[in-house]
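Please examine the sequence and the structure shown below. The briefing that follows is grouped by topic.

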Amino acid sequence: MPEITQSTAAAVAGVKDGSTVLMGGFGNAGQPMELIDALLDSGARNLTVVSNNAGQGDAGLALLIKERRVRKVICSFPRQSDSWHFDAAYGAGEIELELVPQGNLAERLRAAGAGIGGFFTPTGYGTELAAGKETRQIEGRNYVLEHPLRGDVALIKALYADHAGNLVYRKTARNFGPVMAAAAAQTVVQVEQLLPTGSLDPEAVVTPGIYVDVVTVVATRGAGAAPEPHPAVREHTAEEMVGA
Amino acid sequence: MSGTGTRLSRQELARLVARDIAPGSYVNLGIGQPTMVADYLTAEQHVTLHTENGMLGMGPQAHGDRIDDELINAGKIPVTELPGASYFHHADSFAMMRGGHLDVCVLGAFQVSASGDLANWSTGAPDAIPAVGGAMDLAIGAKEVFVMMSLFARDGTAKLVPECTYPVTGLGCVTRVYTDCGVFHILEQDGARRLKLVEPYGLSADQIQDQLEVELSA
């Protein structure tokens, strides 16, 4: 069962200096902004961050980079119109970049969570991003060996959790959440709302609670707002309700 | 074969690509010019759009109170969902791409080689910040890769080249090239890949051949 905490500061306490942190989100969708704010306040530094982007605007990961807490970013798409904090750090030689094709990034995370020691992918074959990597021809097609990518801590965002740690997401904010949840030693989730166990339809759970270690509630869509109808939320019996 | 009419505008090019997408296809439209293709797909084509950040059944861009910051496309533009849509995580999204389940992917390009190598992710400029996103996955994943680009760069050099001089995104992956001056198919013939001009626009086939360093197949 996951630890439930009301404090985002307590939620991110597992991140230490030098940790590798997996951060969910594609652009701002699904980015766990409040957990990253808490990480900023924690003072942890010398971090390696794995995320699709390298921060947008003046929020979330962008601020962590602005404050030079991030030693290295492993991502697919750092350069954007509003990635000025990354651009400045990179231009000054104050951040290391490992550029990974987006599908390889997702699959390397998935491999880490699934206990796979590496995989051969056609993506990137013959390009400079595969330079120096082992290649192999399999059934007439060329592939590149890629390795799993695991984190010390994953920070992700979901819509609802129950007290068993089961998660459902919202629309395209799901993105890297499910693969990152499985790929880190400790997975921390910020959710809009924590529901009693039994409230989520088992058929509709996207991330099973086994992958979730810490849950904290951050109502970003307006505190006290009525929960949005979601197909995973069901009526439940009193016996099914745990932790209400 | 003589040139018909004038060079194609970007809109006409998008219309041409949309025309050539088979009914019932699953399609990924890359960021930039390829997104215009969506405007010319007809309801009768029943095309399902994939966006690599985790959705099939993507609808048009969202406006006004339909904007939802958790429903965006790969270009981070707010979009809508159509009936029959589905959401999935990134590893699934790229698995369906890499696994060859998408029928067509439409991409922009800096250069395409005569054998179908694609260069569209980096100009190789030493001071640029590199970014690749899903470009390399898209290039090698779909059954057909259509490129939309102008045939000539601003400095007049052809973008259909014997060998890419920009860093490549994928090798031998492009099947068709839609340009303002004509549509080219890259065909497997006798174990080699050949470039064939199928529809010239604004210039005659001979004029196009004269300005390319690659040999067009008959």
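How many residues of chain B are in contact with chain A? In this predicted model, 30 residues of chain B are in contact with 36 residues of chain A, where contact means that C-beta atoms, placed from the backbone, lie within 7 Å. The model is predicted, so local features need pLDDT of at least 70, side-chain atom pairs count only at pLDDT 80 or more, and totals for chains, interfaces and linings use all residues. Residues are numbered from 1 along each chain as its sequence is written, while chains are lettered from A and ligands numbered from 1 in the order in which they are written.

**The side of chain B that touches chain A**
- Helices α2 (90-98) and α3 (135-141) of chain B each supply at least two residues of this side; helices (H or I, at least four residues) and strands (E, at least two) are DSSP runs, numbered from the N terminus.
- The largest share, 5 residues, comes from α2(B).
- This side divides into 16 nonpolar (Ala, Val, Leu, Ile, Met, Phe, Trp, Tyr, Cys and Pro), 7 polar (the others, Gly among them) and 7 charged residues (Asp, Glu, Lys and Arg).

**Chain A**
- Chain A contains 6 helices and 12 strands.
- Its C-alpha atoms fill a box of roughly 60 × 45 × 30 Å along the principal axes.

**A sheet in chain B**
- In chain B, 3 strands form an open sheet with mixed pairing, in the order β7-β6-β9; two strands pair if DSSP finds at least two bridges between them.
- The edge strands, β7 (118-119) and β9 (160-161) of chain B, each pair on one side only.
- Strand β6 (residues 111-113) of chain B pairs with β7(B) in the antiparallel sense over 2 bridges, and B:Val112 stands opposite B:Leu118 in β7(B).

Definitions and conventions
Two residues are in contact if their C-beta atoms, placed from the backbone, lie within 7 Å.
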